[in-house]
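Here are a few notes to read alongside the structure. Please have it open as you go through them.

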Amino acid sequence: MSSLNDKLAAALASREKRHIRRRLPVSASPVLPSADFTSNDYLSLATSSTLRTAFQHALSAAPQILGSGGSRLLVPAPAHVALENRLERFFGSEKALLFNSGFDANVAFFSAIPQPGDVILYDEHIHASVHDGMGVSRVDSSNLIKFPHNSVASLKRLLRKLLYERDDLRDGRASAFVAVESLYSMDGTFAPLHEIVQCVEELLPRKNGYVIVDEAHATGIYGPQGRGMVAALGLEGRVLARLHTFGKALAGSGAAILTTELIRDYLLNYARPLIYTTTLTYASIIAVDCAFDMLENGSAEVLALHLLDLSKYFLELLRSHLQSAPPELLCLPDHLCADDDHKDPTNTSADPSFPPPAPIIPLLTPHPHSLAAHLASLPQPLFTKAITWPTVPVGASRVRVCLHAGHSRDDVRKLVDGIVDWLQAWLAREREVERQWLNVAEGEGVGVWMESKL
């Protein structure tokens, strides 16, 4: 085997040994929607007969459905322009620009827009695509600054330190960008957007502070007609850019950046992930249009309300069972604990309704593969996802549960029952091991038992 193959195989073997090797999920048969607690199909539109029928009718009536002809800069794309115009009206944005994915959009923005000498402050849980964009940007690595998750106090301290040290930030010659997600995909936490925006505006009164919000996991669920958390909080005119994706709650593909005309024009000229790739197919554009019909006519809002009600129901059921469980074996994160002593300390919002329920619920356990495998082995299998480092920090392994509008309360009860079954079986094994050691200690003496433990 070549040296390259040796190195690649060794890296994979290392991950295999640490139980963090990634593999494509495999299922012998299609996963039933009622058993799917893994995908990001939050509104269950991917299995919606209403959306499917609308899409088929739109396809039959469309003049073009196959391919797209090339890059946006190569061929005219009237359907794409029409969708961008619709997005501008729907979201109340000056301009919209389509991308093939949310990943491409983040890489495009953060690689192109921040200029030499600028600063990017980013939440420690920000998506990998933002990291990739920052990594190829013209911003010096010393000016890429991480702040603790959702900590407005830490963001303030960092900005004040930068303003004290740098004349160009104080007088507006350099810019500070703040990158956050409205809803974080691994934790189900919400950014305190109002407080973040207020912090940036107060500390950078020369208007050289810019907030960029990734709304990938909030699109279609929150805000008026599913416009996202920025719209829910009335912050549309106070953030520089919003990213909305179509591949999660909207059951399509692609994404759009909502921003100013100047930023859009600059991206068209400098954003490599946009310039050097074939754009979305016409069929993709049609599918997104049909999904936005459901947002605008209110049918998606009914699904979103049911989804958030399911989230509250799931947590109520699960919390009652976890009260007697060892937290080192299985627990909810602090922000999902019911009592005041464990509420998320980073949530500084004065709004008692914030944060709202989320369809993303992490079950923290050092044994995520065991729990996920148990749920998948039930007579009626339930599919969840074990998440470990490097996707989440070391010591923060979890099973990520994603609820969908297509789930019923009965589906949720079955999931809770499966989780409790695993918990009880694990505790029973621990008690049996303890009993066996006690028998050894009693039968052969404490000395022998202690030797066996050393």
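The points below go from the whole chain to some local details.

1. First, the ground rules. This is a predicted model, in which local features need pLDDT of at least 70 and side-chain atom pairs count only at pLDDT 80 or more, while totals for chains, interfaces and linings use all residues. Residues are numbered from 1 along each chain as its sequence is written, and side-chain values use heavy atoms, with hydrogens and water left out.

2. The overall picture. The protein has 16 helices and 10 strands; these are DSSP runs numbered from the N terminus, helices being H or I with at least four residues and strands E with at least two. The radius of gyration is 25 Å, close to the 22 Å from the globule rule for 454 residues, so the protein is as compact as a globular protein of that length. That radius is taken over C-alpha atoms, and the rule is 2.2 Å times the number of residues to the power 0.38. Along the principal axes, the C-alpha trace spans about 80 × 60 × 60 Å.

3. Of the 454 residues, 47% are buried, meaning under 20% relative accessible area (1.4 Å probe, protein chains only). The accessible surface comes to about 22,100 Å², and carbon and sulfur atoms account for 55% of that; the areas come from the Shrake-Rupley method with a 1.4 Å probe.

4. Contacts along the chain. Take the contacts (heavy atoms within 4.5 Å) between residues at least 6 apart in sequence: 75% of them join residues at least 24 apart.

5. A helix to look at. Helix α8 covers residues 193–203, and its buried residues are L193, E195, I196, V197, C199, V200 and L203. What do the buried residues of α8 pack against? Their partners are α6 (152–165), β4 (176–181), β5 (209–214) and α9 (229–232).

6. A sheet of 3 strands. This open sheet has the order β8-β10-β9, with antiparallel pairing. At its edges are β8 (360–364) and β9 (385–387), each pairing on one side only; strands pair if DSSP finds at least two bridges between them. Between β8 and β10 (residues 398–402) there are 5 bridges, and L364 has R398 as its bridge partner in β10.

7. S185 sits in the loop between β4 and α8. Is S185 buried or exposed? Its relative accessibility is 14%, so S185 counts as buried. Leaving aside residues up to four places away in sequence, S185 touches H217, I360 and R400.

Conventions: Buried < 20%, exposed > 50% of the residue type's maximum accessible area, 1.4 Å probe, protein only.
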